[in-house]
Amino acid sequence: MDVRRPDGEPGRIAENGASVRAGRRPVGTLIGCGLIVSAAAVMLGLSVRHGMTVNAWELSPAGMKAWAKFDRQEECIYHAIRSEVPEGAAVYIHDAAVYNAQRLAELSTLWAVPQPSPATARWTLSLVPGQACSGLSLEVRPR
Amino acid sequence: MSRALWVVIAGLGLPGILPALAIARRSPALVFLAPLMGAGMAAVAAELELGVGLSLLTWYVVVAVTANVAVVAWWLTAGRSPPLASPPWTWSILTMLVVLGALIVPLTSLRTGIIGYDGNAVWLTHTLMVSGGHHELLTGLRNAAYTFSNPDYPPLVPAAGALAFALVGRGDLRVAIEVTALLTACALGVVGAGVAAVGGRGRPSSRIAAVVAAGAVCMVGFSVTGIYYAVGGYADLLWSAAAVGAVVWGLVLPRSTQALVVAWICAGVASVTKNEGLATALVVLVLIALRYRPLALSRLRRPRVQPESRGLQDVAVGSAVRRWAERAGFVVVPALPGLAWAGLARLIGLHNAFFTSSSAESPVSRARATIHGMAPHLVVVPVALAVLVAGCYFVRRDRERARLGHPAWLWTAWFLSLALIYVTYVLGSPPIKWWLLTSVDRTTIYPQLVLYTDLAIWMAIAFGGGGAQAAGERPAAAPVAAAPVAARTDA
């Protein structure tokens, strides 16, 4: 059954009652579609390109070397805690660098028990400049 | 990387494959949905570990077996009902390959070995706690020495990581970070499969355009985030992609049981990944409930009561109550894992660190700073608005014929979630400049990804995606008795 759609495009009625396009889109609609596709493609493309720029340092040899060093440092501190602190020990983490303090708490988890105050701790942990772990060393002091 | 891939495929994907197959059938979303469902099961297992006792692995086995038995039972009983519509295998495989290819490119950055700040301070800390069993998890989360790790954060990422530790050992903590990155890719894959489905009913050329748009969206997901956040163990892109998956499957694709359940799973995953994910998931679920159980405006008008029509009115009231109960069920059931975690966290005394005290800064100055902080991350908005206007003008009828949801649904989901994040910044307690500096590039991932996805959807429609339904090809039946009044075009 031939029909004419409200936008002037010829069509027909399918078995399910839906109008089915039989011809091509009018020129105006084609231009509009071109604009939509262009704008969307440009934005998506620019976003991907922006991502490449943002990620350039991380993917550079210098960036990868820095991250590899960081990884080795993490692993080294993790094992240092397990070799230098008794299992289940109550520890107080005292490090001026907030990030290092958080790393020590994280890497102590499941081995030692970080304490919120020094009063209940048997040991104090901190990271100091050194050679053991890629520029840092674990310092363990009894209280 | 190979061990993380093994964990995602065998540890998370295998237990999720049967439920995913029951839902997705031949949709290319299947391969991405299965590990996400496995991760969702791991999150539920972590909640049981915290709330009841025992270990993650024990509860994971229980949850996975229960879910699979339930699916088999459902499959046996549903065998008598007509099968769900599924796309052809060739189409599914092509989409899957393109989306996988688009995801593999950014995933190669895993070789950098990045572990981000939150990857350490929050997610690896929680992962180790979950890995240690009930006692370690409970005492760890309650330990004031771990306050920096935001102990109230939901358990999906730690649970997936702890499952990795259970399967491959704790020798290399990076495996948990890599599992998070792979799950993030899976969530983007579900979004991509949804975008590709927009063109699923069109001509071959428009189908291919939709598949290309799907691949582009997957790459954009990693681009707007940056690989530091995308593969460095952060959960922000994971919840954002899952929430966008819920938007695409629940608010854009034609109404069907399959699309609804995929949307629910995505929203469920977002709700147990991060607190912002839970808030956004609730917003999206409310909108999905309203789309599938539309409000009937005629019922809102108070009719004049005639004595003889009292019986009919009682029936109408009963029907209205049932309908509201269904809507509530549509929201609460998929969000149950996220809501359960939030309740459990309050029960054991954990509080959100961002609302512990009132801020010394005035709300006006915080509001102004928030606008300035968010604006540079929302440059896509003007273009997305222009494309929306052009799309509604030029290809509205194609969208209607494809039975896609009205664009107002997606934009409402975008606006409400953005408003929630904005209000959180304005009313929260941390110093606003520091807070924005350390988080706004992550809290705006979802609003950006939603709009880039909208661009890809309009692109697929403009190419003719879904516009030309073959004669006799019936759309999948909606699982509801539809009575839409809000959106005339929304089938």
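**Start with chain B**

Colour chain B by secondary structure and you'll see 21 helices and 0 strands; helices (H or I, at least four residues) and strands (E, at least two) are DSSP runs, numbered from the N terminus. Before you go on: this is a predicted model, where local features need pLDDT of at least 70, side-chain atom pairs count only at pLDDT 80 or more, and totals for chains, interfaces and linings use all residues. Residues are numbered from 1 along each chain as its sequence is written, chains are lettered from A and ligands numbered from 1 in the order in which they are written, and side-chain values use heavy atoms, with hydrogens and water left out.

Of the 491 residues in chain B, 59% count as buried (buried is under 20% relative accessible area, exposed over 50%, partly exposed in between, with a 1.4 Å probe and protein chains only).

**Into helix H8**

Select B:Thr184, in helix H8 (residues 174-198) of chain B. B:Thr184 has a relative accessible area of 0%, so it is buried. Leaving out residues up to four places away in sequence, B:Thr184 touches B:Ala230, B:Leu237 and B:Leu238; contact means heavy atoms within 4.5 Å.

Rings of Phe, Tyr and Trp (its six-membered ring) pair if their centres lie within 6.5 Å; planes under 30 degrees apart count as stacked, over 60 as edge-to-face and the rest as tilted. Zoom in on A:Tyr99 and B:Tyr117: their ring centres are 4.6 Å apart and their planes at 25 degrees, so they are stacked. This pair crosses between chains, from helix H4 of chain A to helix H5 (residues 117-131) of chain B. A:Tyr99 is partly exposed at 22%, and B:Tyr117 is partly exposed at 31%.

Next, pick B:Tyr425 and B:Trp435, an edge-to-face pair with 5.0 Å centre to centre and 70 degrees between the planes. B:Tyr425 sits in helix H19 (residues 407-427) and B:Trp435 in helix H20 (residues 432-443) of chain B, so the pair ties together parts 10 residues apart in sequence. B:Tyr425 is buried at 2% relative accessibility, and B:Trp435 is buried at 6%.

For a cluster, select A:Trp67, A:Phe70, B:Tyr228, B:Tyr229 and B:Tyr234, which ring pairs link together.

**Last stop: charges over rings**

Which ring does the charged end of B:Arg207 sit over? That of B:Trp91, 5.3 Å from its centre. Then try B:Arg399, which lies over the face of B:Trp458 at 4.7 Å from the ring centre. The rule here is NZ of Lys or CZ of Arg within 6 Å of the ring centre and within 35 degrees of the ring normal.
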